[in-house]
Every structure is written in structure tokens, then in C-alpha cells.
Amino acid sequence: SRTEGHALTPSMISSFSFILLLFVDGIGAVLRVPSKGTNLAGPVGAEWLSLATRDASQAAQEFEASSGVGYGSAADEAQPLPPFPQDVATAATMALPRAEDVWDAAPETSDSAVMQQLPGSAPPGPDVHEAAEEGEATKTAADILVRYTVLDPDQSLEYLSNTGLPFLRSSLCLCEQNLAPAVYGELQILPTYVLYTDNFTHSYVAALTEEFEAVSISGRFRLVNLDTDPEDAERMKPFENIGLNTVNYALVRRTLADATHLPVSAGRLLLGTDISFLNPAYQFAATVAKLRPGQGFYMVDDKTWGGALYTIPGHNGPQCPGLIGDFIFLGAGLNVSTSNLVDKMVWYAQQPIQEGRTSPVCAVCVNKELSNGLHAIDQFGLMLAMGEATGGGDNCMALSSNYYQNTPQSLVRSSLEGVHDKIVSSCGKY
């Protein structure tokens, strides 16, 4: 694999069964999100808003009652999936608070002046709308940017046609089906997509975006060709001769580009193309709405490290334990700078290549056949850099595995909003 959404995570390398469900053409039939300028008071807008604002429990009931199980119909699967296991990670293994725990423990009232500093935030509780009517506070939202990457330094049409573009199409379609309505219902904005490309992939990705533009996402795409970015080569200099393979090199490249191409004033969702939103993302949207300045959250890898959230014991600064590199949200105002990221990745590269580099140990992370023992250097560097930028603790929150999971064992679970998988979805064709 060659791009950011397809670098094998340690857990996927050790054990994962790949389920392939073919994408069904006809995006217009399943994309229900209006483009910018759509009259939301009209018939199309009213139908779409009913999805965007419907009650979460109703959505769960509809999902359980449907014949589908998230990706395709039961007929698509050779065998039924096994029952969903109990959460592996328990409170004893969690070294930091979960997002919902922080919000539940928050006081009923908050400092409105502080909350207003971050667009998209508002004090919790029934006072929000009353205060807005009196002009004392408003529930507004910053732009939400969703970043994807399709880089193919090997210039393989086989990869691009069989993996790169199908995964991007699938993830984008599910974002529009399940993320965008929930975000609009909570924040009254629609996400904008930023796609990193290179000289080889750019025209192909542009053609795919035109496919979406025609039916749904008009005006909400921005393509960035990193091969034409004059700062790209300078950013990558420290990583030219440390033995990274093309996959890990591309992962570092996209991560360093974020600080340049994604404005700090926006909320930024950094996704791999192997992320699938299975159900309306109500928990995600609610968490974004409650963020305070300098906060962010992420999906965890609680599989590779036996249910624990890994840390890097040799580093003394704040960390975001368990962070996985393909699902991270940086709240508006949270600045994870290029220099911060480079410093943390270079520091990690300088550490002895031994299993104790992470805690618990990770054997695959020190396999010298995978980027000279530096596999997932982007993830570990970002985990440390985000920790420093947020100060760690409550400001760098792990999403609950009840809603967001890495390589789930089953998709038959109505609470699952998003998964890090390796599956090409039929995107609602069930």
C-alpha cells in the first residue's frame, strides 16, 4: 500500500481478517447532503434536515431493524460475523479520561466568555439558547475540514484503481451519509474536504471529486498537490535518509503538510481513507460542540497493545496515550506546529530500536524490515506533538471504543459510529 489511509497498523499486521464488500455505483442515490447554497427550507433541505436532526435512539432502532449491518446486506457476507466482544480496554488500563467522562463531570455552567473564544463551543445545559436570545452567547461553529490523502510515489495504476480510489470513494461517501448530517444538526455547518495528492494521483482524484460534485458536495472540495508545494521538500529533509519505505514516508509527508495547509482557526479531522462512518456520528458532533480552546480527541488503538493505551516511556513531556494516526480531531485554535511534529519524529528516530521503546512493548514496531524499525513514526511523533500542544490530560481525549474502534471484530453494533478497518463499503446500499 502507498498512501496514508493504507499503512498497516501494528494490530493489522499481527492479525486481521480482510472483508471485501464491493462498492456499488450510483452515489447520488445514497448521498443526501446538500451543497452550499441549497435552500434548507425547501423540500430537499427538509428531507435532509430530518436525517440531520433525528433522535439518536430512533436512528439506532432503525439500524437494528434494518437488514443491513453497516457495510452491505447479509447476502454480501460469506458467513455471519461473530458476536461483538466485550470492550477489551477497561478503566484500569485507561491512563486518561474518555471524552464523555469529561463532559459528564463538567459543571452545569461554564464561563461564556471563555467558551466564545472557540467557534463551535458553547456552555452545556439549557442556558445556551436562552443566553443566545439575550445576545449574551451564541452557539456558532468554526469550519470543519476533513483531510484525506492519496499519494502514490510508485505510480502504480493497479494500486490506484484497485485500492487508492475505491477506498477514498467509500470513505467520502460514508462521511457524507453519516458524518455530515450529524455535524450539520449539531453545528449548522457542512464539512469541507481537503485532499492531498501528488503529480501522479492528482488528475484521478480530481475526476473522482467531480463525480461527487455532480450529486452532493459542490463547493466543498479543495485539492492540494504536494509535489507542487514549494515547502514540501524542506519539511521532508530530516526524513530523507533514515530508511523509511514509501508508505511511511508518505505518512510523514501528509502529517507535516497539515500544519501548512489546514488553518488553525478550523476544526480539523485528520482521516485515513480506511475510516468508515457506519452510523450517524452524533457522539462525534456532540464532542466537537463541547470542545474548549486547545483541546482535541482521537481514536485509540487498543488492539495492538493488548487493551492498554500505549505510551512512550522515554519521553518526559505530555502524551496522548493510545492515539492512532488515521483518526484525529484538532479543535479550532489547537496548533500542532510543523516544528513540533518534526522535533518529536526526529527524537523518536534517535531512540534505540528495542521493544521497550513503547509501553507495553510492540514487537512489530521494531521490525527493521519495516522502515528500518521506524514503522508508524508519524503516529508516534503526532502522539507526542499533540500531547505537547494540548498539555495532555483532559485536553487530549480518547474517544470511547463503544463508538469508535480500530479493527472491530464485528460490525453488528448499533452504537458504532466509526471504525478503522480496511474495507471498501457499499455505502448504504442495503
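Predicted model: local features only at pLDDT ≥ 70, side-chain atom pairs only at ≥ 80, totals over all residues.
**Strand β2**

Buried here means under 20% relative accessible area, exposed means over 50%, and partly exposed is in between (1.4 Å probe, protein chains only). Six of the six residues of β2 are buried, so the strand is largely enclosed by the rest of the structure.

Residues are numbered from 1 along each chain as its sequence is written, and side-chain values use heavy atoms, with hydrogens and water left out.

**The chain overall**

I noted 13 helices and 10 strands in the chain. Helices (H or I, at least four residues) and strands (E, at least two) are DSSP runs, numbered from the N terminus. The chain has 430 residues, and 55% of them count as buried. Among contacts with a separation of 6 or more, 80% come from residues 24 or more positions apart.

**The seven-stranded sheet**

Which order do the seven strands take? I read off β3-β2-β1-β4-β7-β6-β8, an open sheet with mixed pairing. Two strands pair if DSSP finds at least two bridges between them. The edges are β3 (221-225) and β8 (396-398), each pairing on one side only. On average, neighbouring strands of this sheet are turned by 25° against each other, direction ignored.

Back to β2 (residues 192-197): five bridges join it to β3, and the two run parallel. Leu195 stands opposite Leu223 in β3. Five bridges also join β1 to β2, again running parallel. There, Leu145 has Thr192 of β2 as its bridge partner.

**Helices on that sheet**

Next I checked what covers the sheet. Helix α10 lies across β1, β2, β3, β4 and β7 (323-330), and runs at about 130° to β2. Axes are lines fitted to C-alpha atoms, for helices over the stretch in contact, and angles run from 0 to 180 degrees between N-to-C directions.

Helix α10 (residues 246-261) also packs with helix α12 (residues 338-349), at an angle of about 155° and with the axes 8 Å apart. That makes α10 roughly antiparallel to α12; angles under 35 degrees count as roughly parallel, over 145 as roughly antiparallel, 65 to 115 as roughly perpendicular and the rest as oblique. From α10, the residues Val252, Thr255, Leu256, Ala259 and Thr260 meet Thr338, Leu341, Val342 and Met345 of α12. I sorted this α10 contact with α12 by class and got six nonpolar, three polar and no charged residues. For the classes, Ala, Val, Leu, Ile, Met, Phe, Trp, Tyr, Cys and Pro count as nonpolar, Asp, Glu, Lys and Arg as charged, and the others, Gly among them, as polar.

**The three-stranded sheet**

I found another open sheet, of three strands in the order β5-β10-β9, with mixed pairing. Its edge strands are β5 (275-277) and β9 (404-406), each pairing on one side only. The twist averages 15° from one strand to the next. Three bridges join β5 to β10 (residues 418-420), and these two run antiparallel. Phe277 stands opposite Gly418 in β10.

His261 sits in helix α10. Is His261 buried or exposed? It is buried, with a relative accessible area of 17%. Leaving aside neighbours within four places in sequence, His261 is in contact with Tyr196, Arg222, Val224, Leu226, Asp229 and Arg235.

Gly392 is in the loop between α13 (377-390) and β8. At 7% relative accessibility, Gly392 counts as buried. Gly392 touches Pro318, Gln319 and Gly387, not counting residues up to four places away in sequence. Gly392 and Gln295 are 97 residues apart in sequence but 8.9 Å apart in space, C-alpha to C-alpha.

Lys303 lies in the loop between β6 (296-300) and β7. Lys303 is partly exposed, at 24% relative accessible area. I put Lys303 and Pro408 at 9.2 Å apart in space, C-alpha to C-alpha, and 105 residues apart in sequence.

How values were computed:
Contact = heavy atoms within 4.5 Å.
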